[in-house]
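Some questions about how terms are applied to a structure, with the criteria set out.

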Amino acid sequence: AAAAASSDAPPASVMDTFRNMGKAIALFFLEAYLNVIRSDASIKFLVSLFPAKIAKVFQDLYTCYKAQTAIAYGNELQGTARTVQIFKEMIRVYAREILGKPFK
């Protein structure tokens, strides 16, 4: 019975193909989303989707960086806008590393 069940499973190469397609699709949609977002809430939403430990690090880093950028710009709105730009790129690089297109 175990042999019959294993023969019904698709070959590993097919599973790898589907797994890679899923990653490519996820990366495509993430890239599209990153290209259009401009808000603090959008960054926070994306970070909330990260694994818990990484989300916590990104949240803390984002909060501190946003506060320091607001001080540097002398304006909270400008500081937040610049922080969003920077973190969009950080998220893009992180996602590429996780989904198989490493930063070069």
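Q: What share of the 104 residues of the protein chain count as buried?
A: Of these residues, 27% count as buried, where buried means under 20% relative accessible area (1.4 Å probe, protein chains only). This is a predicted model, where local features need pLDDT of at least 70, side-chain atom pairs count only at pLDDT 80 or more, and totals for chains, interfaces and linings use all residues. Numbering runs from 1 along each chain as its sequence is written, and side-chain values use heavy atoms, without hydrogens and water.

Q: What makes the pattern of the protein chain α-α-α-α-α?
A: Helices are DSSP runs of H or I with at least four residues, and strands are E runs of at least two, numbered from the N terminus. The protein chain has five helices and zero strands, so the helix and strand criteria give that pattern.

Q: Which residues of the largest nonpolar core touch the most other members?
A: They are Ile43, Val47, Phe50, Phe58 and Ile91, in a core of 17 residues. A nonpolar core is a set of buried Ala, Val, Leu, Ile, Met, Phe, Trp, Tyr and Cys residues joined through side-chain atoms within 4.5 Å. The largest share of this core, six residues, comes from α5.

Q: Which residues does Phe50 touch, not counting residues up to four places away in sequence?
A: Phe50 touches Ala55, Phe58, Ile91 and Tyr94, a contact being heavy atoms within 4.5 Å.

Notes
Buried < 20%, exposed > 50% of the residue type's maximum accessible area, 1.4 Å probe, protein only.
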